[in-house]
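Morning, everyone. I have one structure to go through today, and I will take it a piece at a time. Please have it open on your screens.

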Amino acid sequence: MSDTVHLSSPDIGPLEESYLVAALRSGWVAPVGPDLLAFERAVAERVGTGGAVAVNSGTAALHLALLGVGVGPGDVVIVPTLTFIATANAVRYIGARPVFVDCDPRTGNVDVDVVDELVRRLRSRGERVGAIIPVDMFGSCADYTRLTPVCAEAGIPLVEDAAEALGASHRGRPAGSFGRVGALSFNGNKIMTTSGGGMLVSDDTALLARARHLATQAREPTPHYEHRETGYNYRLSNLLAALGRAQLVRLDGMIARRRQLRDQYAKVFAPVPGVELVGAEDADSNCWLTVITVDEEQCGWRAADLAAHLATRSIETRPVWNPMHRQPVFAGAESLLTGAADRLFDHGLALPSGSALTEPQVGQVFGAIDDFLARRAVVGAA
Ligand SMILES: *Cc1c(COP(=O)(O)O)cnc(C)c1O
């Protein structure tokens, strides 16, 4: 790999190698096998759900989750405008229609008051709302204490997009367990990875059985090939499940490392007026990405200035998700906005947060930030 310090690189070592080699030698080089079943059991146990179905991406997990709760063509699905495109794409795969809601400016998670207002409006128009998909943004759970009753009262199934949040919790309950079904991602940049992969987690055994069926081309259990409906080729490889089992063993350590980085960022930016950590109050985040917001009026520089400075030191940063209501592919989609997601996009910056960062790389990042802040302080004083 290059000398560039990346935002969130895979954290892979000898344990992963040994699990992967053992799986290869077992002969189960297919999207079926003992590692796949063991990985599902281990993740379900971690999330505290009755079961799980491993698939080849988080996007596939979201697609099957929406089918599982009965979303159909023409339904409305409530989606946060601040998210990665996969959440909204899964809605489109079904021919359903995403309606976007704005976020809480302090956490980036759905603004429950806006959800409440949107649910009222949609119902008064007689729309069928097939589901709501809260996203646990940057590894922090949405406010389920307030959101769950709003959905329950309106009879809207909750599908939790916990792609970024494995290992996080809200009031003692693990991320992934809040909806009728949750979706996890094991993409290369996530808190743990199978290089690419995802999982549905749920207590609903019928929903999971149907997801498993659809994920294997909806093949009937007959000796000949028989299919009564259209399925998908979504199952995870047994080899990648082995990689996932090793990563899960190390998950708590990787979270601790990311938390350490977040604490260090908090300390560096604490004396800088106008710089805030998104979701800073959440002690139960998995700290997947540390994101700051920068108020130029208060500190005299913009997020883009810091990004440009860090880029000259080969340090990667990233703007916050570009909200869905601004995406050309969703032009014309309905949304209920407060401006919070727009402001996070305009003023936010995601900083290197990966657990694989070496000590010299951490030194490189904080040295560069110190230099930037020192120079700005001098300019500001002059
Ligand atoms: C990563 C991510 C996904 C999609 O996961 P893939 O495994 O890349 O398909 C979905 N939703 C959110 C919020 C994500 O961050």
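I start with Ser353, which sits in the loop joining β13 (348-351) to α12 (359-381). Keep in mind throughout that this is a predicted model. Is Ser353 buried or exposed? Its relative accessibility is 2%, and the cut-off for buried is under 20%, so Ser353 counts as buried.

What surrounds Ser353? Leaving out residues up to four places away in sequence, Ser353 touches Leu7, Arg258, Leu261, Trp288, Leu289 and Thr290. There is also a polar contact: a polar atom of the Ser353 side chain lies 2.5 Å from the backbone oxygen of Leu351.

Next, the ligand. Which residues come nearest to the ligand? There are 17 residues around it, and of these Gly58, Thr59, Glu164, Ser185 and Lys190 come nearest. Three of those names come up again when we look at polar atoms. Glu164 places a polar side-chain atom 2.6 Å from an oxygen atom of the ligand. For Ser185, a polar side-chain atom is 2.7 Å from a ligand oxygen atom. In the case of Lys190, an N or O atom of the side chain is 3.3 Å from an oxygen atom of the ligand. As for area, the ligand taken alone exposes 380 Å², and the protein buries 95% of that.

Now two backbone angles. Most residues other than glycine have a negative phi. Ser195 is not a glycine, yet its phi is positive, at about 80°. Where is Ser195? It lies in the loop between β8 (181-185) and β9 (198-202). Gln217, again a residue other than glycine, has a positive phi near 60°. The loop holding Gln217 runs between α7 (205-215) and α8 (238-269). With a relative accessible area of 39%, Gln217 falls between the 20% and 50% cut-offs and is therefore partly exposed.

Last, the cysteines. How many disulfides does the structure hold? The count is zero. Take Cys141 as a case: it is in no disulfide, and the nearest cysteine sulfur, that of Cys287, is 12 Å away.

Definitions and conventions. Residues are numbered from 1 along each chain as its sequence is written. This is a predicted model: local features need pLDDT of at least 70, side-chain atom pairs count only at pLDDT 80 or more; totals for chains, interfaces and linings use all residues. Side-chain values use heavy atoms; hydrogens and water are left out. A disulfide is a pair of cysteine sulfur atoms within 2.5 Å. Helices (H or I, at least four residues) and strands (E, at least two) are DSSP runs, numbered from the N terminus. Buried means under 20% relative accessible area, exposed over 50%, partly exposed in between (1.4 Å probe, protein chains only). A polar contact is a pair of N or O atoms within 3.5 Å; within protein, one must be able to donate a hydrogen and the other to accept it, and residues adjacent in sequence count only if both atoms are side-chain atoms. Contact means heavy atoms within 4.5 Å. A residue is near a molecule or strand if one of its heavy atoms lies within 4 Å of it. Accessible areas come from the Shrake-Rupley method with a 1.4 Å probe; for residues, only the protein chains shown count as cover.
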